[in-house]
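Here is a short briefing to read alongside the model. Have the sequence and the 3D view open as you go.

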Amino acid sequence: MTALSPGSRAQAEARPDRPSVVELRLTAFAAHRRAGFPLGPLSLFAGPSGSGKSSALRAYEALARLGGGAELDEVFPDPVACVPERARPDAQRRRGFRIGCTADGPEGPVRLDVAVQAEPELRIVGERLTAGGLTLLETALRDPGRRSVQAAWHTAGSSPVTRAPLPDDRLGTPLLPLRVAGKTDGQRQVLAAAEQMVVALRSVFACDPLPRSMRRAVPLGAGRLLRGCGNLAEVLWRTRSECGRRHGLLVDAVRAGCAGPVRDLLAERQPGGIGRIGGVGGMDGTVQALLDRGDGLRTPLGRLGDGELRYLALSLVLLTGPGVLEVDTAGEVPAALQTLTVLADGFDRDLDVRQREGLVRLAARMCERGHIRLVGAVSDASWAAGVGGVTVVDLEP
């Protein structure tokens with residue numbers, strides 16, 4: 001066994017056990033050109049309307065879905081909107097966009113860069129996976145008449161690379177475990193880097209709570225929170241009994257961010273009526289969330305303000321996990337080696353000063369533990385300057 005030098009040993013020990021995305025690159029995407037953004041455990045994109053906050057989060061989510069194996073047209077239903085506004089078509093009337101990221105983990109920094117053609121037809125025309133200055137996977141469109149790209153991945157055996165076609169409607173990196181044998185050191189390096197990138201990108205929950213949908217009673221279902229948090233009452237029905245400690249932390253957070261006394265947060269089955277499931281005096285199969293104010297008084301969430309509802313929903317997201325959120329996890333990888341990333345567009349929308357400061361401090365505490373990361377978009381982040389662990393990305397319109 002080769003001994004590590006002190007510097008190499010320190011570098012290896014500093015590598016995170018849980019792969020995570022530490023940089024987002026928007027080479028040419030919507031309003032962004034040649035942009036690279038560092039990402040920490042808790043990152044806030046800050047800037048006025050039109051500065052590109054939402055598009056940065058949209059690009060991150062797109063990479064996550066591609067990393068999970070989604071097809072291109074599912075990820076980009078309106079691909080032309082992703083093309084930079086002043087981008088001119090070439091002689092074949094082709095226009096597109098470029099996005100990428102860096103994932104750090106046990107294999108060190110691994111870079112992924114993707115070129116997508118949006119016009120005249122949607123397809124991936126180039127992909128590159130690199131680590132340590134070595135290109136591990138590279139794809140290119142050789143024949144526009146075929147729905148495939150030519151791929152070459154690192155082998156380091158009797159042949160330095162292996163070449164084969166890959167489909168042009170999905171990312172090649174998550175397909176590598178199906179195509180690479182792993183017989184040589186080079187192939188194993190390719191597989192390890194691809195796995196690190198896929199694990200870093202998966203388990204993303206894009207969240208933008210919609211207060212109007214949170215005010216209604218909802219039917220019982222799988223108990224997994226949706227991106228608009230409209231089924232929050234259903235999730236509370238499940239989680240209140242499953243984990244008393246986390247529910248207690250949620251009640252403490254709600255108490256700090258909602259007006260009036262708060263003893264508990266709960267969900268109740270709704271009584272039925274004539275013609276409804278259960279008949280007269282029965283239950284209609286729906287649940288409604290309420291705040292227990294004490295002394296027998298319970299306030300339906302429908303009576304709360306928009307800021308209180310968004311604060312409550314985001315607190316629940318931060319205090320729960322992938323088993324409760326509607327996320328695509330890497331089922332073949334132990335949960336202890338995965339990180340949930342929350343994408344929160346409009347993180348501070350409708351919140352007052354007390355609520356947004358309380359929410360970012362809760363996020364900082366949760367992100368410090370390493371099992372959750374948050375990337376949010378805010379109009380102004382000056383209020384978060386005094387909170388440790390926050391990475392602010394200032395955008396200019």
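Strand S4 (95–104) contributes the most to the lining of the largest pocket, with four residues. Strands and helices here are DSSP runs numbered from the N terminus (helices are H or I with at least four residues, strands are E with at least two). Please keep in mind that this is a predicted model, in which local features need pLDDT of at least 70, side-chain atom pairs count only at pLDDT 80 or more, and totals for chains, interfaces and linings use all residues. Residues are numbered from 1 along each chain as its sequence is written, and side-chain values use heavy atoms, with hydrogens and water left out.

**The largest pocket**
- The space in the largest pocket is about 280 Å³; a pocket is an open set of points on a 1 Å grid over the protein atoms alone, where a 1.4 Å probe fits, with protein on both sides within 12 Å along at least five of seven lines. The volume is the space filled by probe spheres set on the points, which are joined across faces, edges and corners.
- Its lining has 14 residues, of which Arg95, Gly96, Phe97, Arg98 and Val116 are the closest to the centre; lining residues have an atom within 4 Å of a point.
- Two or more lining residues come from each of strand S4 (95–104) and strand S5 (110–119).
- By class, the lining of the largest pocket has seven nonpolar, two polar and five charged residues (Ala, Val, Leu, Ile, Met, Phe, Trp, Tyr, Cys and Pro count as nonpolar, Asp, Glu, Lys and Arg as charged, and the others, Gly among them, as polar).

**The sheet**
- An open sheet is formed by eight strands in the order S2-S1-S4-S5-S6-S7-S8-S9, with antiparallel pairing; two strands pair if DSSP finds at least two bridges between them.
- The edge strands, each pairing on one side only, are S2 (32–38) and S9 (161–167).
- Strands S7 (residues 134–140) and S8 (residues 148–154) pair in the antiparallel sense over four bridges, and Thr139 has Ala151 of S8 as its bridge partner.
- S8 and S9 run antiparallel and are joined by seven bridges, with Ser148 opposite Pro167 in S9.
- The hairpin of S8 and S9 has six residues between the strands, and there Ala156 takes a positive phi near 55°.

**The H9 and H10 pair**
- Helix H9 (residues 306–319) and helix H10 (residues 353–368) pack at an angle of about 5°, with their axes 10 Å apart; axes are lines fitted to C-alpha atoms, for helices over the stretch in contact, and angles run from 0 to 180 degrees between N-to-C directions.
- H9 and H10 are therefore roughly parallel to each other (angles under 35 degrees count as roughly parallel).

Terms used
Angles under 35 degrees count as roughly parallel, over 145 as roughly antiparallel, 65 to 115 as roughly perpendicular and the rest as oblique.
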